[in-house]
Amino acid sequence: MSTYSISQLAALAGVSVRTLHHYDAIGLLQPAGRSSGGYRLYNEHQVLQLQQILMFRELEYPLAQIQQIMQTPDYDLIHCLRQQQQLLAGRIAHLQRLQSMLDFTIQQQESSAMTTSSQLFNQFSQATLREEAAKRWGEAEIRQSEQQLAQLSAEQQQQLAQEGEQIARGLAQCLHLPADAAEVQLWAVRQHQWLRQYGPCPLQRLVMLGDLYVSDARFQAYYDRFGAGTAVLLRDALHWYVASQSAP
């Protein structure tokens, strides 16, 4: 089995030695052993762990949550890899849609063709969001949600939309607090209750939605307009909320 010094591992992963020192200090990534001179030594197991950590960081998970995930007794590496694969696939698909939108705009500008506002923002349209939701949750559930909303008056639908915005504003006022703080968790509960007004929202879906709020740039931009970091706080708060509800 290959062995790496801390400087070799840092160069391999493209991180600083200081970062690896920090991961060791907080117990997130500890060396396999020490050399006779007292220097940290790492093996292939730590290389794989570091890859997981850096992938989670790319997906904007906080270190505390990464540590909680990776150190849980029933941690499943393959399941974790597949989950990261799905999250990255969603992000790649979104970036490809944005690229298509820019390609279209450039083409229109270069040809001096007339372009409507709706064409410019086609990738963010409600129809697009509906199509994506149907692929993710199923057409039957989307129809059920639409029927449920259709029973509400225009005033009730406006109130529902305002509730979602109020939750976002409330969370933005809690950016100085950790995700498991009581005040933050109250907003997580309200978010779950609000989502259930649109249709079924089991706990596992709540986790997936929380991830989507960060992995999808459109949702992140919406929440972060209330305060930078609101989307990440909402995701983390929902993860904590689901974990507390699922605990025996």
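The legends below describe views of a predicted model of a single chain.

View 1. The predicted chain contains 13 helices and 3 strands. Of its 248 residues, 36% are buried. The accessible surface of the chain is about 14700 Å², and carbon and sulfur atoms contribute 54% of that surface.

**View 2. Met 208 in helix H11.** Helix H11 covers residues 203-215, and Met 208 is found in this helix. The relative accessible area of Met 208 is 39%. This residue is therefore classed as partly exposed, because the value falls between the 20% limit for buried and the 50% limit for exposed.

**View 3. Met 208 and Leu 238.** In sequence, 30 residues separate Met 208 from Leu 238. In space, the C-alpha atoms of Met 208 and Leu 238 are 9.5 Å apart.

**View 4. Arg 235 in helix H13.** Arg 235 belongs to helix H13, which runs over residues 230-246. With a relative accessible area of 1%, Arg 235 is buried, because buried means under 20%.

**View 5. The contacts of Arg 235.** Leaving out residues up to four places away in sequence, Arg 235 touches Leu 59, Glu 60, Tyr 61, Pro 62 and Gln 65, together with Gly 210, Asp 211 and Val 214. Helix H11 spans residues 203-215, and the partners of Arg 235 include Gly 210, Asp 211 and Val 214 from that range.

Methods. Residues are numbered from 1 along each chain as its sequence is written. This is a predicted model: local features need pLDDT of at least 70, side-chain atom pairs count only at pLDDT 80 or more; totals for chains, interfaces and linings use all residues. Side-chain values use heavy atoms; hydrogens and water are left out. Helices (H or I, at least four residues) and strands (E, at least two) are DSSP runs, numbered from the N terminus. Buried means under 20% relative accessible area, exposed over 50%, partly exposed in between (1.4 Å probe, protein chains only). Accessible areas come from the Shrake-Rupley method with a 1.4 Å probe; for residues, only the protein chains shown count as cover. Contact means heavy atoms within 4.5 Å.
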